[in-house]
Amino acid sequence: MSGTHQLAVGWAVRFRGEPPSPDALRRHVRARLADLPTLTHRVEEGPGSRPCFVSVPELDPREHVRELVMRDPREQWQSCLQEVLTRPLPAGHRPPWDLWLIHGYGDGTGPPEYVLVFRIHHALEDGAGHHYVLRTLFTPRIAPQGSRRVADTPARTSADTSAHASGPAEGGGRVSSRAVLGIAGDVARSLRGNGNWAVLRRPPTGKLATAVGTAATRRLLALSRALDTDISVIFLTALTGAMRAVAVAEEERPAPLALLWPLTVRTGGERGAVGNYLTMVRLRLPCAEPLPLRRLGSLSRQLEAGRVERRMRTSRALMRRAPLPMSLGTLRLLMRPRHASLTGTYFPAALPQPALGEARLDGALGLGAPLPGQLCHLTLLRYRSECTLSVVHDTAFARGADLPELWLAALAELEAAVRGARE
């Protein structure tokens, strides 16, 4: 599935039931706009060429909520994403987001269903923001947070950082010297580059493709319990095995591979606030290691809970206290493609009784976007009984289409290693 790179991120969900009319969906979105500030702002160049968020008070849902009727049946609802990826986001005076209602892809023999695909420019929203939009749109009313006014306020963002913005410079927290050293080490490594992996250093074409794979949540939970870890480590261990298989297929020698791992720095009152509240950690995927359990041990040490918490707390404090040029400069370095060839993230979606009218939500996946200069972004989204891996890759990295299958094979390899260790 292919489309044009425009740093559009978001999610896709499937509902079981009759699709609403486009006008009914627009009315539903309009009724929730007061609680969704990311949908009523755009990013524009402010004084001194500094981007800022600007409120758009008169938003017309007809310019953002669109309908796409499929004329040919599809085996999987995820294959409908191709039709949306080729479309540009709204531009000009309009906030850069859209919501696509897709139906007509079934063969007519099963119960009715439809897909909603939400996309937004990454400058306005991060992964936690996507979840807030999903939750606000399709679950019973969430009490308004009293979000601070963000209109015409500077966005901590720039073209050099792929328009990733940080939140307001208030609050803070304790600064850990070990976490500061970790950030400094990541910055230093960004200057040296990522070494091997020629398959990931090809010039981007600017055209994106998507591949999807699904595993039962119970499989990943069983592994996490057996190995005393969490699903994010299981995800990355299987991803390491998948990338090792890519290297072998490309006749490259498997080597360690750097991956950017986003961490949220949002506080509870910032769930729906405009902008990106992220820091990045550079993880080292041990692709040279042939044994799955040793790969897992390496990643478990890198994602040790105390270490992650110190990094999040310190990053939050520095982003709020440091001068803007220093904060932006650090973000630019942490997000350089030379720093890491891939970006990956894991997100558990907590949605109590999601519905739209009489239809019930029963499938979901995340849509990421490679940073400019990168060739691949991977999202594992857990929703109820399924964990869905979505791979968004530049067509220059053709092996990206194989990653879901390779990831599932590496997951099975890890399960076999666990069984073997018990015998």
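Over which residues does pLDDT stay under 50, with 24 contacts beyond four places in sequence? Select residues 143-154: that is the stretch, and those 24 contacts are what the model has for it. Keep in mind throughout that this is a predicted model. Then select residues 156-171, where pLDDT also stays under 50 and the model has 51 contacts beyond four places in sequence. For the chain as a whole, the mean pLDDT is 85, and 81% of residues reach 70 or more.

**Stop one: the cores**

Pick Leu236, Met243 and Trp407. These are the residues with the most contacts inside the largest nonpolar core, a set of 49 residues. Now colour helix α6, residues 231-249, which supplies eleven residues, the largest share of this core. Zoom in on Met243 and show its neighbours: leaving aside residues up to four places away in sequence, it touches Trp197, Leu200, Leu257, Cys287, Leu342, Phe397 and Leu403. To find the second core, which is separate and has 36 residues, select Val13, Phe53, Ala349 and Ala364, which are among its members. As background, nonpolar side chains tend to be buried together in soluble globular proteins.

**Stop two: the rings**

There are seven aromatic pairs in the whole structure. Start with Phe15 and Phe138: their ring centres are 5.2 Å apart and their planes lie at 70 degrees, which makes the pair edge-to-face.

Phe235 sits in helix α6 and Trp407 in helix α10 (residues 403-422), 172 residues apart. Both residues are buried.

**Stop three: helix α3**

You already have Phe138 on screen, so show the rest of α3. Its twelve residues reach 17 Å from first C-alpha to last, close to the 16 Å expected at 1.5 Å a residue. Is the helix largely enclosed by the rest of the structure, or how many of its twelve residues are buried? Nine of the twelve are buried, so α3 is largely enclosed. To see them, select Gly129, His130, His131, Tyr132, Val133, Leu134, Thr136, Leu137 and Phe138. Then bring up what covers these buried residues, which includes β2, α1 (22-32), β7 (113-121), β12 (342-348), β13 (355-356) and β14 (359-367).

Now move to the N-terminal end of α3 and show Asp126. This residue caps the helix, with a side-chain oxygen 3.2 Å from the backbone nitrogen of Ala128.

**Last stop: Thr217**

Finally, select Thr217 in helix α5 (residues 217-226). Is Thr217 buried or exposed? At 3% relative accessibility, Thr217 counts as buried, since the cut-off for buried is under 20%. Show the side chain and look for Arg384: its backbone oxygen lies 2.8 Å from a polar atom of the Thr217 side chain. Display the surrounding contacts as well, and beyond residues up to four places away in sequence you will find Thr217 touching Arg382, Arg384, Ser385, Glu386 and Cys387.

Note on methods. Residues numbered from 1 in each chain as written. Predicted model: local features only at pLDDT ≥ 70, side-chain atom pairs only at ≥ 80, totals over all residues. Heavy atoms only, no water. pLDDT = per-residue confidence, 0-100. Contact = heavy atoms within 4.5 Å. Core = buried A, V, L, I, M, F, W, Y, C linked by side-chain atoms within 4.5 Å. Buried < 20%, exposed > 50% of the residue type's maximum accessible area, 1.4 Å probe, protein only. Helix = DSSP H or I, 4+ residues; strand = E, 2+ residues; numbered from the N terminus. Phe/Tyr/Trp six-rings, centres within 6.5 Å; stacked < 30°, edge-to-face > 60°. Polar contact = N/O pair within 3.5 Å; in protein donor to acceptor, adjacent residues only side chain to side chain. Expected span 1.5 Å × (residues − 1).
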